[in-house]
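Reader: I've got a model open and want to talk through some of its local geometry. Could you take me through a few spots, with the cut-offs spelled out?

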Amino acid sequence: MQLSLLFLFIGVCSAHYNPNVEAGRTSIVHLFEWRWEDIAAECERYLGPNGFGGVQISPASENLIMTNRPWEERYQPVSYKICTRSGNEEEFSDMVNRCNNVGVHIYVDVVMNHMTGYGAGVGTSSTCGSYFNSGAREFKGVPYSFLDFNEYKCKSSSGGIDHYSDAYQVRDCQLLGLLDLALEKDYVRCKIADYLNHLISIGVAGFRLDASKHMWPGDIKAVISRLDNLNTTWFPNDTRPFIYQEVIDLGGGTISASEYFGNGRVTEFKYGAKLGNVIRKWNGEKMAYLKNWGEDWAFMPSDRALVFIDNHDNQRGHGAGGASILTFFDSQLYKMGVGFMLAHPYGFTRVMSSYQWPRYFVNGKDTNNWMGPPSNANGSIKAVTINADTTCGNDWVCEHRWRQIKNMIIFRNVVDGQSFANWWDNGSNQIAFGRGNKGFIIFNNDDWNMDIKLNTGLPAGLYCDVISGQKEGTDCTGKQITVSIEGFARFQISNTAEDPFVAIHVNAKL
């Protein structure tokens, strides 16, 4: 009896690693700060038809309204009502329904570590008008009282995290002045679980748990053990929600990402930081060194990792990774980094979709990194408009709509399950590798031209390069690559090309 219960427990826990994407889809996109109605439309017109598996959305819970409306206000909850600048609960439900109906699932960014900060004051200055008194630790929209916070437990002199070398401070004290919830209390756990179960009933597929490093793994487990199975309108019976936890672990710290494996996947922050160094060719790094990319680079196991090139934090210069992080501001290098990530089999992949802000540097720091999404004069978020060339307007960057990134999302879907094969490098920054007999990619990140004949492992035929163009009907809009009967092809890539890499796969064969 005890053994069977153990196997049941292991089965339930392991289920939280499954992203719950539909068959043939392998990646999600973070549509950062998008409105619910724009996400619904994007699922139908673009994400579904192009093989995206899902969307990570910004927090859906009611939040503090801050002066000048910075992006960080979304991470200062006042209640668990679905009521934000992105839309209300009716619009949220419509989004989930419409996206699920085209095979694109929704993953909610959840703030369960804290409520808004002690300096937020008293009143109803929140996105749904719920009363709060941060000084008295009173949040009537939940409700929470002073009994539900960790002041009594925090052992630092300031009440905040004075020393990151102290795991107790990191998890029991206030992060940046935000009121730290007492997650060991059953009442608090139930309130959070009730919120997540409401989202599950609407039809979401899983959750990103913000600031997981600042919560005890056992407290997280106690919350997710209370979660319902997913809505059977769109998911098979007994499907558990996907859980991925934000744990910044660049190695050598007091808190390890591995402590959280029992709850679900974990964000692998070393991935983007180290790949950025390699592609920038900093510190003597070369792309040739990527041959053993993955666990051999001190990454977590692939089936525990959620990977990304940048996220909403570190593209702004904070949140781990430093200056090596590749972003849309370095568009050529960024496309190479995302292309490599989507071609390589390691981890479950998430791509970023951003908005513009005017960078202004003082002493090497971007002083405008606080700026919120494109907004109207009344503070409402601007609609995501689509230009004639399929790019976005209204200052939305929409990297996921860049041809190179969209086509690599498709590439990853095509090669899913295929082995890492046919590696080649020149000892420097020209590399190539295949995925079984389904796809092949080659990079020239050196300062000279490439002209090489390589074994692709692909069937003979004429292929369209999906970086310089794509297959449309019976033609290629970009380069054509001929694969011989022996599987070899010649690749010529100029070091001055707009995108100095080429990718081909069997679904792009003429």
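Author: Let's start at the residue after α9: α9 is followed by G417, and the phi of G417 is positive, near 85 degrees. Helices here are DSSP runs of H or I with at least four residues, strands are E runs of at least two, and both are numbered from the N terminus. This is a predicted model, where local features need pLDDT of at least 70, side-chain atom pairs count only at pLDDT 80 or more, and totals for chains, interfaces and linings use all residues. Residues are numbered from 1 along each chain as its sequence is written, and side-chain values use heavy atoms, with hydrogens and water left out.

Reader: How far apart are the end C-alpha atoms of α9?

Author: α9 covers residues 403–415, which is 13 residues. The expected span is 1.5 Å times one less than the number of residues, so α9 should span 18 Å. The model agrees with that, as the end C-alpha atoms of α9 are apart by 18 Å.

Reader: And how many of the residues of α9 are buried?

Author: Buried means under 20% relative accessible area, exposed means over 50%, and partly exposed is in between, with a 1.4 Å probe and protein chains only. Among the buried residues of α9 are I405, M408, F411 and V415, and also K406 and R412. α9 is mostly covered, and the buried count out of 13 is eleven.

Reader: Which class do the axes of α5 and α6 fall in: parallel, antiparallel, perpendicular or oblique?

Author: The axes, lines fitted to C-alpha atoms over the stretch in contact, have angles from 0 to 180 degrees between N-to-C directions. For α5 (residues 186–202) and α6 (residues 217–224), they come within 9 Å and cross at roughly 50 degrees. Under 35 degrees counts as roughly parallel, over 145 as roughly antiparallel, 65 to 115 as roughly perpendicular and the rest as oblique. The two helices are therefore oblique.

Reader: Which residues of α6 make that contact with α5?

Author: Contact means heavy atoms within 4.5 Å. On the α5 side, the contact is made by R189, I192, A193 and L196. On the α6 side, the names are D219, A222 and V223.

Reader: What do the buried residues of α6 pack against?

Author: α6 is mostly covered, with six of its eight residues buried. Those are P217, D219, I220, A222, V223 and I224. They pack against α4, α5, β12 (206–209) and β13 (242–245).

Reader: Off the helices now: is E33 buried or exposed?

Author: E33 lies in the loop between β1 (27–31) and α2 (36–47). Its phi is positive, about 70 degrees, although E33 is not a glycine. At 1% relative accessibility, E33 counts as buried.

Reader: What about R69, buried or exposed?

Author: R69 is another residue other than glycine with a positive phi, near 55 degrees. R69 sits in the loop between β3 (61–63) and β4 (77–84). With a relative accessibility of 16%, R69 counts as buried.

Reader: Which peptide bond is cis, with omega near 0 degrees?

Author: Look in the loop between β10 (138–139) and α4 (167–172), where P143 lies. The cis bond, with omega near 0 degrees, runs from V142 to P143.

Reader: Last one: how far apart in space are C173 and I161?

Author: C173 is in the loop between α4 and β11 (178–180), and is buried at a relative accessible area of 2%. Leaving aside neighbours within four places in sequence, its contacts include C154, Y168, D180 and I161. C173 and I161 are twelve residues apart in sequence, and their C-alpha to C-alpha distance is 5.7 Å.
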